[in-house]
Amino acid sequence: MTAMIETNGLVKDYKDTTALAGIDLSIEPGRVYGLIGPNGAGKTTLIGVLSGLRTPTSGTMHLDSDYFAVLPDSPAFDPWLTAYEVVDLARNLAPTDVPESAVDEVLEQAGLAEAAHRKVSGFSRGMFQRLGIAATVVGEPDLVLLDEPAAALDPAGRREVLDLVADMRGRATVLFSSHILDDVQEVVDEIGILRKGQLVYDGSLEGLISQQSPRTRYVVEVRGDADGVAESLRAEPWVVTASASDSAITLEADSAESVEERLVRVLADYGQPVVSMQPNVRSLEDIFLEVTT
Amino acid sequence: MNLWSLEWIRLTRTGRILILLAVFFSFGIIGPLSVRYLPELLDAAGSGEAISQLPPVTPEFAMAAYLGNALQIGLLAIAFVGAAALAIDAKPEISVFFRSRSSIRDIIAPRFVVVAAATVVAFAAGVTTAAVTSGILIDWPEPGPTILGSALVAVYLVFVVALITLMGSLVRKVPATALLTVGTLIALSIIGLYAPLAPWLPSYLVGGFDVIISGGDFVYWRAIALTAAAIVACLAIVVVRLDSREV
């Protein structure tokens with residue numbers, strides 16, 4: 001399958017700063033791709049380069065798109081236009097024939113039906129954001145590039161935006177940047193982590209969590225003497241570390257097989273009631289902080 | 001809504017078309033009015049000697065007074081009204097909306113044409129007002145030379161709008177675009193003081209207004225040709241510049 005977005009060694013320099021340091025990216029059609037990274041990591045620059053609004057210093061890229069739409073992080077429109085006119089203009093600028101009824105539909109989906117005929121000069125930042133999304137999706141692009149689309153929204157607005165993004169899955173390829181990890185976790189098929197212009201991870205969310213959460217780390221919760229259990233675990237040759245905190249024992253073994261084969265037996269021998277036992281899966285936030293710092 | 005209707009809405013909803021019309025319309029009245037009543041005004045002010053140095057009160061002088069007054073303030077108004085539409089990257093977030101959906105040619109064409117048309121219409125409205133005011137207060141100017149002279153100025157005004165478009169591709173902000181345009185026009189006027197170059201310059205067309213309505217010869221083909229070439233060159237440079245300029 002031909003990738004919708006394919007970049008090879010994409011570099012973007014600004015005078016003394018390298019914003020993108022050789023990005024190799026491949027996103028298949030119909031996928032929702034989340035681009036995360038701290039401020040200044042290069043997310044906006046990458047979206048700018050992909051949309052043709054910025055020129056790469058070197059490297060190649062190919063978009064297999066008939067029509068793509070891009071939404072900047074702080075969308076703005078001429079203040080003397082109404083919301084309806086903005087979306088209608090976007091509809092008319094799309095290369096395909098889109099019926100006028102689509103304008104009302106996307107405004108409704110974006111939660112702006114009641115404000116459709118108001119001038120946008122009085123809109124809040126959140127309303128601008130939702131209007132931007134309505135203008136982005138009205139032309140039915142096959143590629144959508146969204147820069148922090150939910151950043152300025154309240155929880156209800158974020159919910160609507162995430163639903164809109166999720167609705168596009170399969171109909172369009174979506175690349176959206178965000179620093180709100182919950183948003184990313186909720187809607188993406190794949191994830192890319194940018195750090196100082198470099199793509200330090202590119203793959204599935206599950207793969208990232210699995211990669212950063214080796215199955216040699218376990219958390220065991222017991223009822224009673226957690227310190228004693230930890231001490232007996234430390235005596236085992238296959239246990240690297242074991243420490244107790246309240247009723248939980250965190251242990252790291254020399255291999256996943258050692259844990260799977262021996263942990264239950266050790267716990268049974270010690271005779272302490274076991275409440276739970278599970279691999280120590282790290283949160284996306286922990287992984288994000290570790291990978292990006 | 002399309003890019004052409006957008007430009008019309010831009011002019012009307014922002015009141016910018018009214019600014020242009022108001023400037024040229026008001027000078028269309030003030031020009032002939034001042035010519036007609038200047039002797040009385042000077043006399044009342046006790047400047048009797050100056051009256052003898054005034055040109056005769058004729059419709060030609062009334063029309064020349066209109067143009068002289070209107071173009072000073074008018075060019076400033078055109079520069080700012082034009083820059084507000086033609087500095088397309090003044091607000092990057094708005095620029096992204098257009099640039100990610102249309103080519104530079106498609107974005108610039110309606111803006112240039114609508115601003116140029118509004119400018120010419122405002123100027124023509126001023127000429128008509130000046131002719132009517134002159135007709136009421138002094139006498140009617142000759143229609144043929146008035147139209148021909150106005151056409152020369154109209155070509156110059158289209159050049160001014162092309163110049164604004166060019167400046168909008170060199171700088172980003174509206175005030176910078178407008179002021180750079182005015183500065184360039186002043187520079188061209190200074191260059192026009194060098195007699196061998198003057199007949200080639202766009203500003204020569206403005207002088208043609210007075211000459212033509214006073215019955216002078218039509219010697220403006222060189223300036224028209226060079227102005228037309230300059231308009232095309234400005235727009236071509238704009239497309240190349242903006243195509244390569246990052247948002």
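1. Just after H5(A), Gly170(A) adopts a positive phi of about 90 degrees. Helices (H or I, at least four residues) and strands (E, at least two) are DSSP runs, numbered from the N terminus. The model is predicted: local features need pLDDT of at least 70, side-chain atom pairs count only at pLDDT 80 or more, and totals for chains, interfaces and linings use all residues. Residues are numbered from 1 along each chain as its sequence is written, and chains are lettered from A and ligands numbered from 1 in the order in which they are written.

2. Helix H5 of chain A (residues 155-168) has 14 residues. From first C-alpha to last, H5(A) reaches 20 Å, close to the 20 Å expected at 1.5 Å a residue (the expected span is 1.5 Å times one less than the number of residues).

3. Which residues of H5(A) are buried? They are Arg158(A), Val161(A), Leu162(A), Leu164(A), Val165(A) and Met168(A). A residue is buried if 20 or more other C-beta atoms, placed from the backbone, lie within 10 Å of its own, exposed if 12 or fewer, and partly exposed in between. Seen down the axis of H5(A), the buried residues fall within an arc of 155 degrees (taken from the directions from the helix axis to the C-beta atoms), so they line one face of the helix.

4. The face of H5(A) turned away from the buried side carries the exposed residues Pro155(A) and Ala156(A).

5. The contact takes 19 residues from chain A and 17 residues from chain B; two residues are in contact if their C-beta atoms, placed from the backbone, lie within 7 Å. On the side of chain A that touches chain B, H2(A) gives the most, with 6 residues.
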